[in-house]
Amino acid sequence: MINDEIADIIYKMSIYVEMNDDKSSFFQSRALRKGADVISEFPYDFALPEWHLDIDKLTKIEGIGKKIASYINEYVTTGKISEYERLKKESPIKLEELLHIQGLGPKKIKRLYNELGVTDIESLKVVAKKGLIAKLSGFGEKSQANILENIEFAIVNKDRISIALADNVIADLLLYLKKDKNIIQIEPAGSYRRRKETVGDLDILISSKNPEKTIKHFVSYEKVEKILGEGKTKASVWLKQKLQCDLRVVDNKSFGAALQYFTGSKEHNISIRKIAVAKGYKLSEYGLFNRNTNELIESKSETVLYNKLELSYIEPELRIGDDEIIAAKNSYALKNGKVLKNSPTLFLPKLVKLSDIKKDLHMHTVFSDGKNTVFEMAMAAIKLGYSKIGISDHIGNLVIANPIKDENRFKKYLKTIREANESIKGIEILASGEVEVDVNGNLEFPNELLSQLDYVIAGIHMSTSMNKDTMTKRIINVLKNPNVKILAHPTGRLIGKRPPYEFDFNEVCKVAREEGVALEINAHPNRLDLNSRLVRKAKDLGCKISINTDAHSTDGLLLMKYGIDVARGGWITKVDLFDL
DNA sequence: GCCGTTTTCGGCCCGACTGTTTTCAGTCG
């Protein structure tokens with residue numbers, strides 16, 4: 001999303017500003033940094049005209065004033081922020097390069113420049129090797145050695161990783177951590193707990209009978225490549241899986257408050273803390289306190305904490321600092337018989353769970369590019385407790401996917417599925433196909449034949465870089481095909497690899513609702529398409545959502561949980577799901 | 001640079017850790 005690009009630039013601007021020593025620069029820098037945080041967590045895409053063109057609307061966002069609003073507008077319309085270009089050009093220092101080095105911030109970088117002429121990693125290396133850094137006041141041998149060590153370390157890229165990869169890393173780490181018998185409670189927090197599609201680092205919260213021993217145990221994990229910090233209550237390490245992991249140990253009686261605090265999002269927490277303040281409380285990771293007497297009110301569980309603030313419990317996936325808090329307020333009031341002002345319509349949803357899922361309508365077999373047979377897929381689905389699956393091999397001209405292209409193969413395909421359905425008990429096997437959509441929005445296979453299937457999934461894989469209008473028409477046209485019941489991975493994005501294609505999402509949702517076509521959440525962790533934000537929008541526009549794995553093997557069926565994560569982030573309940 | 005039922009000037013979040021000093025500034029989340 002363009003928001004991340006803007007946030008990144010404004011964050012860098014904050015650093016350039018912070019290099020000035022005066023007090024006003026310090027606060028200016030902090031405001032910029034806060035703005036960058038807000039932008040990166042903001043749930044709507046600033047590329048949408050209703051956002052970046054409307055300066056008044058932008059400045060209503062907490063933390064965004066006139067200046068930052070104009071930066072957003074400028075970046076979306078011109079692709080750059082001239083103030084940033086100016087700051088960068090006028091600075092003799094390759095700041096962005098040097099900031100990658102752990103332990104170097106704006107202040108130290110500035111002193112290294114003023115006193116030793118350091119402008120980039122290369123010149124830093126030279127003065128460090130000469131031993132000049134150790135001689136500076138405030139620096140020392142240790143600092144110099146760390147800088148040299150961290151220069152090598154800075155080369156490693158620190159990209160966000162997919163939630164699926166994070167799941168693997170965490171599973172192994174938790175297994176190890178739990179060997180420490182001092183641990184009372186242990187829970188991953190942060191964006192991992194909020195089930196974001198990618199995570200930048202891992203946060204783990206622990207309560208322990210012996211915090212220091214638990215920390216020692218943590219940093220001794222065999223997959224720790226480097227200890228970044230180690231204290232009495234927290235430690236940070238860099239894992240061999242190229243991921244930072246922060247561990248925090250708290251007193252068991254503050255576990256709930258700490259879990260709430262470390263789960264975030266930052267924006268959500270800021271809103272929650274404001275409510276606390278308005279009610280005469282103070283909220284921190286140590287608990288909810290009476291603001292005047294400092295008396296502890298509650299800290300054991302998240303639920304009671306939210307309830308004390310007259311909010312219903314908010315599921316982590318919803319904690320983005322948007323309207324979930326209003327919904328929680330309304331839900332709480334309704335449940336507790338309080339008078340609701342202005343007859344609100346927004347309440348917290350009862351989110352869909354993995355155990356609610358009893359079918360998967362998008363999967364491939366050996367008929368196209370899948371690894372397993374219809375029989376094997378069906379058996380795997382029975383194991384998962386499903387009552388229904390839809391076999392949906394590629395049909396059309398998508399050559400790389402070994403598609404079904406001719407009538408003979410199509411008939412054989414259909415016959416195989418029908419026979420499997422007859423012979424395999426305990427599950428209903430539907431015949432479908434992921435049919436390629438041509439540039440005009442027609443299916444690449446005769447409709448008379450496709451109508452013999454139970455339903456068709458329309459899938460766009462080719463000619464994806466057309467302009468917005470043409471793409472919108474293309475999608476709408478295919479939605480109007482009476483055989484089509486599901487639109488596969490609607491935006492075509494591949495996380496971190498390919499941006500979504502451009503089309504009018506509102507218009508597509510409108511037609512999808514009219515035509516009774518469900519929009520897919522493709523549960524593959526590389527796709528997660530639609531994303532949570534669009535799912536919420538589709539739901540609000542009355543569309544049904546179909547969560548499918550697009551499995552190409554029996555193992556692929558297990559990825560359903562990632563689709564559920566997205567659905568939950570998009571406020572999806574059981575009734576919003578597509579039924580067939 | 002942002003914000004405001006004590007507001008348009010004068011405040012701005014904070015706690016843990018590190019490395020340096022010996023009480024603290026800088027960094028990080």
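Select A235 first: opposite A235, in strand 7, stands L247. This is a predicted model, where local features need pLDDT of at least 70, side-chain atom pairs count only at pLDDT 80 or more, and totals for chains, interfaces and linings use all residues. Residues are numbered from 1 along each chain as its sequence is written, while chains are lettered from A and ligands numbered from 1 in the order in which they are written.

**The hairpins**

Select 234–239, which is strand 6. Helices (H or I, at least four residues) and strands (E, at least two) are DSSP runs, numbered from the N terminus. Strand 6 runs antiparallel to strand 7, with 6 bridges joining them. Pick L239 next; L243 is its bridge partner in strand 7. The hairpin of strand 6 and strand 7 has 3 residues between the strands. In that turn, K242 has a positive phi of about 65 degrees.

Now go to strand 5. Strand 5 and strand 6 run antiparallel and share 5 bridges. K226 has W238 as its bridge partner in strand 6. A hairpin through 3 residues joins strand 5 to strand 6.

Zoom out to the open sheet of 5 strands, in the order 2-4-7-6-5, with mixed pairing. Two strands pair if DSSP finds at least two bridges between them. Strand 2 (183–189) and strand 5 are the edges, each pairing on one side only. From one strand to the next, the twist averages 20 degrees.

Axes are lines fitted to C-alpha atoms, for helices over the stretch in contact (C-beta atoms, placed from the backbone, within 7 Å). Angles run from 0 to 180 degrees between N-to-C directions.

**The DNA**

Show DNA strand B and the 37 residues around it. A residue is near the strand if its C-beta atom, placed from the backbone, lies within 6 Å of it. G65, G105, G140, K142 and G231 come nearest. Elements giving two or more residues to this surface include helix 5 (66–78), helix 10 (141–154) and strand 5 (224–230). Helix 2 gives the largest share, 6 residues.

**The whole chain**

Finish with chain A, which has 24 helices and 17 strands. Its radius of gyration (over C-alpha atoms) is 27 Å, close to the 25 Å of the globule rule (2.2 Å times the number of residues to the power 0.38) for 580 residues, so chain A is as compact as a globular protein of that length.
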